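The following report is meant for a reader who is meeting this structure for the first time. It goes through the strands, the charged pairs, the surface and the confidence of the model in turn.

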Amino acid sequence: MKKRRWIMLSALALVALVLFNLPEATSTRVKGAVRDGISPLQAAWHRGLRGLRETFRYIRGLGDLALENRALSEEIVYLRGQVRMAQELARDNQLLREQLGFQQRFPATLISCEVIGRDSAGWWQTVRLDKGALAGVAAERAVITTDGLIGRTVAVSDRTADVLLLADPSCKVAVRVARGGVFGICTGLGNKPGEQPVCRMDYIPQTASVEEGDEVLTSGLGGVFPKGLLVGHIVRVEPSESGLYRTAWIKSAADLGKLEYGFVAATETDLANARRAAEAQPTLDDRVAEDEWP
Amino acid sequence: MTLLVLLFWLLVGGTLQGVMPAWRHMGQPAFPILLGVVIYAATNKKFGYFLLAALIAGVLEDSLSLVPLGSSVAAFLVAGWLALRLRTHFFADKVSHAAWFGALSAATATGTMALLLRWQGLLALPLRDALWRMAGSAVLGLVVMPVLFALMRGLERRLGTWEGA
C-alpha cells in the first residue's frame with residue numbers, strides 16, 4: 001500500500017516536471033485555455049461586485065445628485081472648449097508634421113477593457129483584462145487609463161490579457177521628465193496596491209533640473225510605450241547611495257489599487273491579426289456541420 | 001460524486017483566488033484557497049483524490065498567474081505530502097487542528113514556490129522577504145483553512161459524501 005502511494009506520488013512529481021519543461025508555445029496555449037475558461041466566472045463575479053458597489057454609491061449619493069449634476073454640466077462646457085482647442089492644435093500639428101515629413105508617433109487604437117482579476121499567486125503585481133488576442137490585444141503593449149499609464153501587457157490568451165503594473169519591480173519604463181527633459185528608466189518598487197510612490201527613476205545627473213511635482217512622461221525609447229504618456233509625478237528627489245547621481249520617487253497618475261478599466265494601445269497589425277484570428281475561428285454553424293454524421 | 005464536489009471547489013477556489021487581491025501586509029501573499037482544497041483532500045479524502053486535486057489546483061493557479069506551468073503542482077505536492085504525514089496525528093475536523101494544518105501547509109507551499117522561482121531565475125526574493133512572506137501565508141492559512149474546511153464539510157454532509165467521523 002505504502003509502495004503504491006510512493007509510485008503515485010512520484011508519477012505526479014514527474015507530471016509536474018513534464019509541465020515544467022513544456023515548450024513555451026504549448027505552455028502558453030494550455031495556460032491561455034484555462035484562463036479563457038475561467039474568465040467568464042471572474043468577469044461575472046466582478047460585474048456583480050461592481051453592481052453592488054454602484055447601488056450603494058447611488059443610494060448614498062442621492063442627496064448630492066443635483067449639486068453633482070451642476071458641477072458636471074460646468075465641467076462638460078469646459079471640456080468641450082478644451083476639445084475644440086485640442087482639435088485645432090492637432091490639425092496644426094498634423095500640418096506641421098506633414099510639412100516636416102514626420103511619421104505620426106502614436107498611431108495606436110485604444111481597446112477598452114474591463115479589469116476582471118489579479119495575479120492568483122500574488123508573486124507579481126498584475127491585473128487581468130477581459131479582452132485578448134481576438135479583440136486585437138497583443139503582448140508588450142502599453143495599457144493606460146484616463147489618468148495615465150498603468151503598465152504593459154505580458155501574457156495574452158484569446159479572451160484575456162494580463163497587465164504587469166508599473167509598481168512591479170520587473171516593470172521598467174523608459175521615461176522623460178517633462179520640464180527638464182531628463183531621460184531615465186522608471187522601475188517599480190513592489191509596493192502594496194494603491195501605495196505611493198510606485199516607482200523610482202535612478203541615475204539622474206546631479207546637475208539635471210528635476211524637482212518635486214515634475215511630470216514624468218514615457219520617452220518612447222525602448223519600443224513598448226508610445227512617447228508622451230503620463231506616468232506620474234515626482235514626489236521626492238534624493239541623492240543616490242554612491243552620491244554620484246540622484247534618484248526620483250514617482251507617484252503614478254493612475255491609482256493602481258483601484259483599477260476597473262484599462263485601454264490597451266493596439267497597433268494596426270494587432271487589429272489585422274485579430275481579424276484574421278476571428279475569421280479562422282470556427283463559427284457555431286461550422287461546428288454543427290462538423291458534428292453531423294456523414 | 002466526491003470527484004464532482006472536489007472539482008466544484010477547485011473551480012470556486014480558482015475563481016475566488018483570481019479575483020481576490022493579495023493581502024496587503026506581510027509580503028503580500030495571496031489567499032490560499034486552492035491550497036486549502038488540496039489540503040482538505042489530503043487530510044479527508046483518499047490518496048488518489050489528493051493527487052488529482054494537487055494537479056488540477058496547481059495547473060489552475062499557474063494558469064491564472066505568471067508562474068511557469070508545473071510550479072504550483074510541485075508546491076502543492078510538497079505541502080500536501082506534509083499534511084498527509086501529519087494527518088494521523090491530528091483530527092482534520094477540529095477547528096484548531098485545521099488552522100494549524102493551514103498555517104503549516106501555506107508556509108511550506110510559499111517557501112517551496114519561492115525556491116522554485118529563484119531556481120528558475122524569475123524572482124529572487126531576499127531571504128528575509130521570503131521568510132516574511134511565508135509568515136504572512138501562514139497567518140492567512142491559519143484563518144482561511146478552518147472556514148474553508150467547514151464550508152467543504154458542510155456541503156459534503158448535505159450531499160452525503162462526507163466520509164469522516
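## Strands that pair in chain A

Strands β8(A) and β11(A) run antiparallel and are joined by five bridges. Within this pairing, Met201(A) has Ala248(A) in β11(A) as its bridge partner. The model is a predicted one, and every position described here should be read with that in mind.

Both strands of this pair also have another partner. On one side of the description stands β8(A), residues 199–205, which is joined by three bridges to strand β7 of chain A, residues 183–188, again in an antiparallel arrangement. There, Gly188(A) has Cys199(A) in β8(A) as its bridge partner. Strand β11(A), which covers residues 245–252, is joined to β10(A) by seven bridges, and these two strands run antiparallel as well. In that pairing Ile234(A) stands opposite Ile250(A) of β11(A). The two strands β10(A) and β11(A) form a hairpin with five residues between them, and in this hairpin Gly243(A) takes a positive phi near 85°.

Strand β10(A), residues 230–239, has a further antiparallel partner in strand β9 of chain A, residues 215–218, to which three bridges join it. Here Glu215(A) has His233(A) in β10(A) as its bridge partner.

Of the 294 residues of chain A, 37% count as buried. Among the contacts in chain A between residues at least 6 apart in sequence, 59% join residues that are at least 24 apart.

## Charged pairs across the chain

Over all chains, the structure holds 14 salt bridges. Three of them, with the distance between nitrogen and oxygen atoms, are listed here.

| Salt bridge | N to O distance |
|---|---|
| Glu114(A) and Arg47(A) | 3.4 Å |
| Glu260(A) and Arg53(A) | 2.8 Å |
| Arg128(A) and Asp162(A) | 2.8 Å |

The salt bridge between Glu114(A) and Arg47(A) has an N to O distance of 3.4 Å. This pair links distant parts of the chain, with Glu114(A) in strand β1 of chain A, residues 109–118, and Arg47(A) in helix α2 of chain A, 67 residues apart. Glu114(A) is buried, at a relative accessible area of 12%, whereas Arg47(A) is partly exposed at 43%.

In the salt bridge of Glu260(A) with Arg53(A), the closest N and O atoms are 2.8 Å apart. This pair, too, links distant parts of the chain, since Glu260(A) lies in the loop between β11 and β12 of chain A and Arg53(A) in helix α2 of chain A, 207 residues apart. Glu260(A) is partly exposed, with a relative accessible area of 23%, and Arg53(A) also counts as partly exposed, at 37% relative accessibility.

Arg128(A) and Asp162(A) form a salt bridge in which the closest N and O atoms are 2.8 Å apart. Arg128(A) lies in strand β2 of chain A, residues 126–129, and Asp162(A) in strand β5 of chain A, residues 161–165, so the pair ties together parts that are 34 residues apart in sequence. Arg128(A) counts as buried at 1% relative accessibility, and Asp162(A) is buried with a relative accessible area of 1%.

Salt bridges that share partners join Arg47(A), Arg50(A), Arg53(A), Glu114(A), Asp130(A) and Glu260(A) into one network.

## The surface of chain A

The accessible surface of chain A comes to about 17500 Å², and 57% of it belongs to carbon and sulfur atoms. A nonpolar patch on the surface is formed by Trp45(A), Leu49(A), Leu52(A) and Phe56(A), which together have about 420 Å² of accessible area. Trp45(A) lies in helix α2 of chain A, residues 24–61, and is partly exposed, with a relative accessible area of 39%.

## Confidence in the model

The model scores an ipTM of 0.76 and a pTM of 0.76. Chain B has an average pLDDT of 83, and 95% of its residues score at least 70. Within chain B, confidence is lowest in helix α1(B), residues 2–19, at a mean of 82, and highest in helix α2(B), residues 33–44, at 88. Where pLDDT is low, the predicted coordinates should not be read in detail.

Key:
Residues numbered from 1 in each chain as written. Chains lettered and ligands numbered in written order. Predicted model: local features only at pLDDT ≥ 70, side-chain atom pairs only at ≥ 80, totals over all residues. Heavy atoms only, no water. pLDDT = per-residue confidence, 0-100. Helix = DSSP H or I, 4+ residues; strand = E, 2+ residues; numbered from the N terminus. Patch = residues over 30% accessible without salt bridge, like charges linked within 9 Å, V, L, I, M, F, W, Y side chains within 5 Å. Areas by Shrake-Rupley, 256 points an atom, 1.4 Å probe, with all protein chains shown as cover. Salt bridge = Lys/Arg side-chain N within 4 Å of Asp/Glu carboxyl O. Buried < 20%, exposed > 50% of the residue type's maximum accessible area, 1.4 Å probe, protein only. Contact = heavy atoms within 4.5 Å. Pairing = 2+ DSSP bridges.
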